[in-house]
Amino acid sequence: MSFLAACDGGQQTTEGEASGTVSILGVVVGEQQEKLEAALAPFEAATGIEVAYEGTDAFATLLPVRVESGDAPDIAMFPQPGLMTDFAEAGQLIPITTFLDRADLEAAFSDDWLTLATIDGELYGVWFRASVKSLVWYNPQAFEAKGYTVPTTWAEMIALSDAIVAEGETPWCLGMESGDATGWVGTDWVEDIMLRTAGPAVYDQWISHDIPFNAAPVQTAFERFGDIVLNPDYISGGTVGAISTPFGDSIQGLFGETPRCYLHRQANFIASFLPEDVVPGETVAVFPLPGIEPEFGTPVLVAGDVFGMFNDTPEAQALMEYLTTPEGHEVWVALGGFISPHQDVGLDIYPDEVSRQQAEILANAEIVRFDGSDMMPGVVGTGTFWSGIVDYVGGEDVESVLADIESSWPEQ
């Protein structure tokens, strides 16, 4: 069914009221909600279907209540695939291949993104927004002034860090403080390192608990992170600074006449915390977090938003189909602060050099995996893993930290 034709199928109910509405519940609010609504406007103009979007910061709490009370939105914009999986396994979501052609979906999205939306062999979601996490931010002008070059391997990155220390400078800024979510920055580091040292197959086993949390590959990843974060010469403010610095503030150290640091590993969304006078491509740029084991190349850790459908209506089907086309993606891309996982969105649409770099890193990635803590049970992924990484950076031995996290994993 073409979404352009959908408006012919549901204009009125038996009550005589207009039925051309589709409801969405999501976490996008504020300025980002305005951009989302702009991305959906061409659909409304083409079909006459009204999109009623509701944004909430209590999504994970509100959505289950709405569904259980019989008031599910037509579509939900899930910030993590784990919650979508719960609804799919309960039979509350509609497989999208019941009304969309799988070949079209395969043409629009890579296998990695399709796999992330597949539950028990059925495809349930359409990905819309991607967060690219495996990025290192730096100031090209500061690099040029010091004669530094961008590293392409982990060994080169460590050698650069040592060279910066040898000159009496500090290589890294790292801030893990994030209120109730303190620690997630450290778990991102560990996940990136797991992909680079153990590979995607072991990473998948780890997040599904097919191997224990205190397995040797996990300890290796923690300790490789420790080589950086526990080195007092490497981190601006040391371990105390790493734990106490708000994550949004930590990138500030790259700038100014005397930078406090020269490297900062963080996702693309840190761009919203950059100083106003920073010029993308001139005073800030990114490079991919380098690989470690050559056989695994340079994997990309991602997060993102995926749309799933609760109510099988012509309007909801039409909107889901629209989300698989490049049009809405391109609107938001042009507005800035958005990376699309859609394969037909051209790099030339991105509004600045740095966002183009990020999109190119994602497009060229041979291995893509979703943020591991977001895929684990909440008591672990957003609980003991977050708190455990803080304990580790604070000085607790790695074996104890990993054993505590392992013991918190819910029994099957």
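Predicted model: local features only at pLDDT ≥ 70, side-chain atom pairs only at ≥ 80, totals over all residues.
**Entry 1: strand β10**

I started with strand β10 (residues 300–309): 10 of its 10 residues are buried, so the strand is largely enclosed by the rest of the structure. Buried here means under 20% relative accessible area, with exposed over 50% and partly exposed in between (1.4 Å probe, protein chains only). Helices (H or I, at least four residues) and strands (E, at least two) are DSSP runs, numbered from the N terminus.

Residues are numbered from 1 along each chain as its sequence is written, and side-chain values use heavy atoms, with hydrogens and water left out.

I then checked the two faces of β10. Val300, Val302, Gly304, Val306 and Gly308 sit on one side, Leu301, Ala303, Asp305, Phe307 and Met309 on the other, and both sets are buried.

Which strands pair with β10? I count a pair if DSSP finds at least two bridges between the strands.

- Strand β3 (residues 75–78) runs antiparallel to β10, joined by four bridges; Met77 is opposite Phe307.
- Strand β6 (residues 125–132) is also antiparallel to β10, with seven bridges, and Arg129 faces Asp305 there.
- Strand β11 (residues 368–370) pairs with β10 in the parallel sense over three bridges; Phe370 is the bridge partner of Val302.

For my own reference, strands of a sheet pair through backbone hydrogen bonds, either parallel or antiparallel.

**Entry 2: the three-stranded sheet**

Next I looked up an open sheet of three strands, which has the order β8-β7-β9 and antiparallel pairing. β8 (264–265) and β9 (285–288) are at the edges with a single partner strand each, so one side of each has no neighbour in the sheet.

Val136 stands opposite Arg265, and Trp137 stands opposite His264. Towards β9 I found four bridges, also antiparallel, with Val286 as the bridge partner of Trp137.

Are the side chains of β7 buried or exposed? Leu135 and Trp137 point one way, Val136 and Tyr138 the other, and all are buried.

Helix α14 (residues 353–364) lies across β7 and β9, running at about 10° to β9. That angle is between N-to-C directions, from 0 to 180 degrees, with axes fitted as lines to C-alpha atoms (for helices, over the stretch in contact).

**Entry 3: the nonpolar core**

Trp137 came up again here. The largest nonpolar core has 138 residues, and Leu63, Phe78, Trp137, Trp206, Phe213, Phe222 and Leu319 touch the most other members. A core of this kind is a set of buried Ala, Val, Leu, Ile, Met, Phe, Trp, Tyr and Cys residues joined through side-chain atoms within 4.5 Å.

Not counting residues up to four places away in sequence, Leu63 touches Leu25, Pro73, Ala76, Phe78, Leu83, Phe87 and Phe310. Contact means heavy atoms within 4.5 Å.

**Entry 4: helix α16 and what covers it**

Helix α16 (residues 378–393) has 16 residues and spans 21 Å from first C-alpha to last, close to the 22 Å expected at 1.5 Å a residue. The expected span is 1.5 Å times one less than the number of residues.

Where is the kink in α16 centred? On Thr384, at about 30°. The bend at a residue is the angle between axes fitted to the seven residues ending there and the seven starting there. After the helix comes Gly395, with a positive phi near 120°.

I listed buried residues of α16, among them Phe385, Trp386, Ile389 and Tyr392. Their cover includes α8 (184–197), α9 (200–207), α10 (216–229), α11 (238–244), α15 (372–375) and α17 (398–408).

- Thr187 lies in α8 and, at 0% relative accessibility, counts as buried. Leaving out residues up to four places away in sequence, Thr187 touches Ser373, Phe385, Trp386 and Ile389. Its C-alpha is 8.9 Å from that of Asp371, 184 residues apart along the chain.
- Gly226 is in α10 and counts as buried at 8% relative accessibility. Beyond its neighbours within four places in sequence, Gly226 is in contact with Asn231 and Tyr392. Gly226 and Trp189 are 37 residues apart in sequence and 10.0 Å apart, C-alpha to C-alpha.
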